[in-house]
Amino acid sequence: MENHEDITSSYITTCVLNAFLSYSAVMLNCLTIYALTKLSSLLRPLKTLLLSLAVSDLGVGLMVQPSYIATLVMEMERKTENNPAYNIVFKFYAFTVNLFGYASFFGVTFLSLDGFIAVCLFLRYQELVTHKRVVAVMVSK
C-alpha cells in the first residue's frame, strides 16, 4: 500500500509541476512570438529560426503537457485497462510529443548551426544563409 501512495504523490507532484510549466511555456512563448514579430533589427533568417523554435515550444505548452497531465490523472485513477478514452489521450500524447519534441530539437540544432556558420564563415554568411534556405529547412524538418 505504501508503494501505491508513493507513486500517487509523485504523480500529483508531476501534474502540478507540469500545469505550472505549461502555463509558463504558453505565456512566455506568446510573448516571444509577439516580440519577434515587432522586432525589425534581427536578420530575417535568424528571426525565422527563433520564431520556429518559439512556435514548437508553444505547441509543447499547449498540447504535449496538458495531454501528459491527462494520461497521469487517468493512470492515478487506474482507468487505463480497456479504456478507449485513455487510449485516445495516450496516442494523442505520443503523437504530439514526437512532433513537437523533434521540432524543438531540430530548431535548437539549426539555431546552433546558424551561430556556428556566422562565427566561422562570417564573410560568406549572408551568401550561405538566406531566408529562402532557412524556410526550406524549417519546412522539411
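1. L28 counts as exposed because its relative accessibility is 52%; the classes are buried under 20% relative accessible area, exposed over 50% and partly exposed in between, with a 1.4 Å probe and protein chains only. L28 lies in helix 1, residues 2-38. Helices here are DSSP runs of H or I with at least four residues, numbered from the N terminus.

2. The model is predicted, so that local features need pLDDT of at least 70 and side-chain atom pairs count only at pLDDT 80 or more, while totals for chains, interfaces and linings use all residues. Residues are numbered from 1 along each chain as its sequence is written, and side-chain values use heavy atoms, with hydrogens and water left out.

3. L28 also belongs to a nonpolar surface patch, together with Y23, M27 and L31, and the accessible area of the four residues together is about 440 Å². Areas come from the Shrake-Rupley method with a 1.4 Å probe, and for residues only the protein chains shown count as cover.

4. The largest pocket has a volume of about 180 Å³. A pocket is an open set of points on a 1 Å grid over the protein atoms alone, where a 1.4 Å probe fits, with protein on both sides within 12 Å along at least five of seven lines; lining residues have an atom within 4 Å of a point. The volume is the space filled by probe spheres set on the points, which are joined across faces, edges and corners.

5. The lining of the largest pocket comprises L49, F110, L113, D114, I117, L128, V129, R133, V134 and V137. By class, eight are nonpolar, none polar and two charged.

6. T130 is located in the loop between helix 4 (125-128) and helix 5. T130 is partly exposed, since its relative accessible area is 28%.

7. Q65, in helix 2 (residues 44-76), is buried at 12% relative accessible area. N18, in helix 1, is buried at 13%.

Technical notes
Patch = residues over 30% accessible without salt bridge, like charges linked within 9 Å, V, L, I, M, F, W, Y side chains within 5 Å. Salt bridge = Lys/Arg side-chain N within 4 Å of Asp/Glu carboxyl O. Helix = DSSP H or I, 4+ residues; strand = E, 2+ residues; numbered from the N terminus. Nonpolar A, V, L, I, M, F, W, Y, C, P; charged D, E, K, R; others polar.
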